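These notebook entries record what I looked up, one topic at a time.

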Amino acid sequence: MKIRITSDSTCDLNELVTTRDIGILPFQVNLGDNAYRDGVDITPQDIFNFVSETKILPKTAAPSIGEYEEFFEKELNGYDELIHFNISAQASGSHNFAKEAANSFGGKVRVIDSKALSSGQGLLVLKAADMRDAGKSGEEIEKEICVLRDRVNTSFVPDTLDYLHKGGRCSSMKMLAANILKIHPKIVMVDGKLQQGGTYKGSIERCISKYIEELAATYGSYDTTRCFVTHSSADKEVVDMAKAKVAELFHFDEIIETVAGSIITSHCGKGTLGVLFIYNK
């Protein structure tokens, strides 16, 4: 059977969607009265400029049920079955919209809640592509992904709490204290929900280094296929240091750098960086 793999744009896979033959449905980003498509006609810099000028965050929106139906119909053309990935259902209504749309296709569309976001979601998309290329059936892929999604380390460290504060996820007192004391929280995704998983103190370089050391100490056994170092336009020196640190402490076949798209950037702000991979139980 010919199987098509697709995802919402929140998977942050950049050019890998082309090289691995993955269909993408963009989320919408609204800058004031103007609507844009994530990864198509808006860049993270557009968001930084908008927030700097207006002091407010962009608004983001998932595709409608009708848009999912149109997308699935187009992407199914020439294929027997389609497997679609959504950002965590705890973070967006997109999963429920996609599931409703899938009902129109007589079981040919499987919709998976990644319980992740950004390249945490992307890890599952690529794993599904690996299994597709190995000749696995849609049922086999879905079953394996639903096991792996509970073993994805989706975590990141923001450089600034400004965007989290503007989005109501951080109090003014916490932001002020963080700025004065140079505190950087670790944000982790647990069972599809974002929560604080600790704090680091010092420069962003020192905090990212400590964060990666902590990951290596926590996850001694992991899928060595690939790891993502994903960031929202972080400084090159910080990204290069993070990649070198991961290479030193882990043994991945690939360490892939990706830049977060407009959806993740809209909520986390500039300079956020995460190291994401699948670990073993």
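**Entry 1. A starting point.** Where is the place of Ala234? I found Ala234 in the loop between strand 12 and helix 10. Before going on, I noted that this is a predicted model, in which local features need pLDDT of at least 70, side-chain atom pairs count only at pLDDT 80 or more, and totals for chains, interfaces and linings use all residues. Residues are numbered from 1 along each chain as its sequence is written, and side-chain values use heavy atoms, with hydrogens and water left out.

I then looked up the cover of Ala234. It counts as buried because its relative accessibility is 13%; buried means under 20% relative accessible area, exposed means over 50%, and partly exposed lies in between (1.4 Å probe, protein chains only).

**Entry 2. Around the loop.** I next considered Ser233, which lies in the loop between strand 12 (227-231) and helix 10 (236-249). Its phi is near 55°, a positive value in a residue other than glycine. Ser233 counts as partly exposed because its relative accessibility is 24%.

Asn14 is not a glycine, yet has a positive phi of about 50°. This residue sits in the loop between strand 1 (3-8) and helix 1 (16-19), and its 33% relative accessibility places Asn14 among the partly exposed residues.

**Entry 3. A patch of charge.** Which residues gather in a patch of negative charge on the surface? I recorded Asp159, Glu205, Asp235 and Glu237. Patches of this kind are made of residues with over 30% relative accessible area and no salt bridge, like charges being joined within 9 Å. Asp and Glu count as negative, and Lys and Arg as positive, while His and the chain ends are not counted.

Asp159 belongs to the loop between strand 9 (155-156) and helix 7 (162-166). With 37% relative accessibility, Asp159 counts as partly exposed. I also compared Asp159 with Ala234: the two are 75 residues apart in sequence and 8.5 Å apart in space, C-alpha to C-alpha.

**Entry 4. Salt bridges.** How many salt bridges does the structure hold? I noted 18, a salt bridge being a side-chain nitrogen of Lys or Arg within 4 Å of a carboxyl oxygen of Asp or Glu.

One of them joins Asp130 and Arg20, whose closest N and O atoms are 3.0 Å apart. Asp130 lies in helix 5 (residues 118-133) and Arg20 in the loop between helix 1 and strand 2 (23-25), so the pair ties together parts that are 110 residues apart in sequence. Asp130 is partly exposed at 23% relative accessibility, whereas Arg20 is buried at 18%.

I then examined Lys186 and Glu214, which form a salt bridge with their closest N and O atoms 2.4 Å apart. This pair links distant parts of the chain, with Lys186 in strand 10 and Glu214 in helix 9 (residues 204-218), 28 residues apart. Lys186 counts as buried at 11% relative accessibility, and Glu214 as partly exposed at 31%. Elsewhere, salt bridges that share partners join Arg20, Asp130, Arg132, Asp133, Arg226 and Glu254 into one network.

A further salt bridge is that of Asp41 with Arg37, where the closest N and O atoms are 3.5 Å apart. Asp41 is partly exposed at 34% relative accessible area, as is Arg37 at 46%.

**Entry 5. The core.** Which residues touch the most other members of the largest nonpolar core? Of its 30 residues, I listed Tyr68, Phe72, Val109, Val111 and Leu117. A nonpolar core is a set of buried Ala, Val, Leu, Ile, Met, Phe, Trp, Tyr and Cys residues joined through side-chain atoms within 4.5 Å. Elements giving two or more residues to this core include helix 2 (44-54), helix 3 (65-76) and strand 7 (109-113). Helix 3 gives the most, with 4 residues.

**Entry 6. Two distances.** Leu126 has its place in helix 5 and is buried, with a relative accessible area of 2%.

Notes:
Patches are made of residues with over 30% relative accessible area and no salt bridge: like charges are joined within 9 Å, nonpolar side chains (Val, Leu, Ile, Met, Phe, Trp, Tyr) within 5 Å. Accessible areas come from the Shrake-Rupley method with a 1.4 Å probe; for residues, only the protein chains shown count as cover. The place of a charge is taken as NZ of Lys, CZ of Arg, CG of Asp or CD of Glu.
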